[in-house]
Amino acid sequence: MKTPIHTISGPHDGSYDNEALSCSTIDITAPQNGEPHGGLRGSNEFILSDSGKKVTEDDQTGQLNLWLQRKAKSAFSEKMIKKRLPILRWLPQYNSTDAIGDLVAGITVGLTVIPQALAYAGIAGLPAAYGLYGSFLGCIVYIVFGSCKDVPMGPTAIASLLTFQTAGGNVGKAILLCFLSGVVELLMGLLGLGFLVDFVSGPVSSGFTSAVSLIIVTSQVKDVLGISAKGTTFIEIWRNIFSDIHNVRVWDTFLGITCIAVLLIMRIIAGLKVGPADDELKSKNHRIINKMMWLIGTSRNAILVVVCGAIGYSFQASAVAPFKLIGDIPPGLPSFKAPPFSLTANETMSGTEESFMDMVSSLGSGLIVVPLIALMENIAICKAFSNGKPVDATQELIAIGLANIANSFVQGFPGTGSLSRSAVNNASGVRTPMGNIYTMGLVVLSLLFFTPYFSYIPKASLAAVIIAAVVFMVEVKVVKPMWRTKKSDLIPGLGTFIACLALPLEMGILFGVGLNVVFILYHAARPKISVERLTSPGGAEYLIITPDRCLIFPSVDYVRNLVTKQSIRQSLPVVIDCSHVYGADFTAATVIDSITQDFARRDQPLFFYNLKPSVCAIFEGLSPADFVVYYREEHLDDLLKQRAYKPKEVISA
């Protein structure tokens, strides 16, 4: 026969005291008409629509119409429109100061994005022009929909490498990947799935970024050495480099190493300051010199590419070309047309036609990985420059999704916000996303007037631009603080790093996320449990056991074994303090039922203190015997008297 459940709270049984309602004028502790909680009940019979019509619980059509009305009203409210079109928030207040700041920042970023775009196209395995194609139309889209002023939309090192691993250097597939990635990002934004990036923890993100940086550096070593070494993974590329090492070109190697050294020196120059340490004490000449040094250091990529292009042109004119050049770039803007949804036999490496489904199948997991990594990059930038303000991941998904869709119509490949260009943008004093329009203007001008000269740029110089930029993305600096705070976080970070070097990137980051989930489940299965021997107000000794988290299936057996071990060893009444137990499941309910039966057979009191009603309802679902809950400490003595408990001799465990 099952003992009735005793739920004690205040002077009346059967109610749970909510201290937050202590100031209410309604006495919810006194039964009214035989009902607990003062007879206070919520109605679930019907809800009232805006038109005044009652919609019953069974009226599914009415419920759906009401939900659609609410969603439509919310979607077209002024607040939501300004949230989804951020330009409406800042454009009415736009002034001349903002315009000057955006102009300076936009031009500075433009001088950075042009050489980077040419170089990143090489990482993606595409002709150099396609880097520029993906660097201008998306900027306009981001001005309207972007929520972060510091983000310059365009190709990035990580997105370019993922494009190469997914599309394999096929132009048509890379453009289609840009379109489909944008569609996926847009759908994720409309469905509010920006939270998915939260599943990629800091250590996993650091391991992934560091591995990608090394892979990108490795992929450019071949251009510095002037050899051909293809591959998609770190190990594969190095294997091919060593197999072709006997074909090293001396002049390419010399130029590449020299360019890397020059870029690193110019990077240092950008951070140097002359004059007194206090800015207020600096003279006008000091400020001019510092600004010039910063501008030269910031524009180092553009300066280097122009100088190397001039060198390449001089050798080309004399019919002696010791360097490998990037080759002809078609002049003018790309034609505006839909991305390719099929490929002819001449456009595929296999020599057979591919339908849309064949192309999608060949892109595989890249259709999910590329959008997620693009979001991760963009959110990292937004958080870095948000000054503590919340970042709207949903809006950023919509912005970069629409930008990639637009870029696909001008033959661009997938892009997102670049951390290095964002740092330049921020340091240049950008005020609003309007800075993107000046960056776009420089890219358009270069396509219209300067593409014939780009063909003389040596490949080694572009490789140097990439190496000097991404080598600082290797996040060695996070290892020391991670070691000091929580050493176990190094395991998923290091595991992701190694997996991304040895496997395709999508497999590597999936391995890292999986490893992180294993750690989370392990911690969930091993909650911290405190065990104390206390004395009640009436002088009775008892054992109080306090788990620090919810009781769910990975942890319940661990908790059960500890409770059983301690209760047998101490031979005292046991109180399980459930103050921190905010959730439970069916497995936990079955274990609680079993525990109460074990205690009942030993005639040893077991009580549950401060169990939340929602959790209590789960435990009551199995109608456990001798299941006793109380909510005030002074009631423990009353419960012990009811049980007439007499301590037994201590049994050694």
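This is a predicted model: local features need pLDDT of at least 70, side-chain atom pairs count only at pLDDT 80 or more; totals for chains, interfaces and linings use all residues.

Let's begin with the largest pocket, which holds about 1200 Å³ of space. It is lined by 45 residues, and those closest to its centre are Ser-418, Leu-419, Ser-420, Phe-472 and Met-473. Sorted by class, this lining comes out as 26 nonpolar, 12 polar and 7 charged residues. Helix α15, which spans residues 366-384, supplies the largest share of the lining, with 7 residues.

Next comes the second largest pocket, with about 790 Å³ of space. Here 33 residues form the lining, and Gly-122, Gly-125, Lys-222, Asp-223 and Lys-459 are the closest to the centre. The largest share, 5 residues, comes from α4. By class, the lining of this second largest pocket has 18 nonpolar, 9 polar and 6 charged residues.

The structure holds 3 cavities of 30 Å³ or more. The largest cavity contains about 80 Å³ of space. Around it sit Ile-545, Pro-547, Leu-551, Val-556, Val-559, Arg-560, Val-563, Ile-576, Val-591, Ile-592 and Ile-595. The elements that give two or more residues to this lining are β8 (541-547), α23 and α24 (586-602), and α23 gives the most, with 4 residues. By class there are 10 nonpolar residues, no polar ones and 1 charged residue around the largest cavity. Arg-560 is in that lining, and Arg is one of the types counted as charged.

The second largest cavity has a volume of about 40 Å³. Its lining is made of Thr-596, Phe-599, Ala-600, Gln-604, Pro-605, Leu-606, Asp-626 and Arg-643. Helix α24 again features here, giving the largest share with 3 residues. In class terms, the lining of the second largest cavity divides into 4 nonpolar, 2 polar and 2 charged residues.

Ser-567 counts as buried because its relative accessibility is 1%, and buried means under 20%. Leaving aside residues up to four places away in sequence, Ser-567 touches Leu-543, Leu-572, Val-574, Phe-599, Arg-602 and Gln-604. Of these, Phe-599 and Gln-604 are named in the lining of the second largest cavity. The side chain of Ser-567 also makes a polar contact with the side chain of Arg-602, at 3.1 Å.

With 32% relative accessibility, Phe-356 counts as partly exposed. Not counting residues up to four places away in sequence, Phe-356 touches Leu-176, Leu-180 and Phe-341. Its C-alpha atom is 8.5 Å from that of Pro-340, a residue 16 places away along the chain.

Terms used:
Residues are numbered from 1 along each chain as its sequence is written. Side-chain values use heavy atoms; hydrogens and water are left out. Buried means under 20% relative accessible area, exposed over 50%, partly exposed in between (1.4 Å probe, protein chains only). Contact means heavy atoms within 4.5 Å. On a 1 Å grid over the protein atoms alone, a cavity is a set of points where a 1.4 Å probe fits but cannot get out, and a pocket is an open set with protein on both sides within 12 Å along at least five of seven lines; lining residues have an atom within 4 Å of a point. Grid points are joined across faces, edges and corners, and a volume is the space filled by probe spheres set on the points. A polar contact is a pair of N or O atoms within 3.5 Å; within protein, one must be able to donate a hydrogen and the other to accept it, and residues adjacent in sequence count only if both atoms are side-chain atoms.
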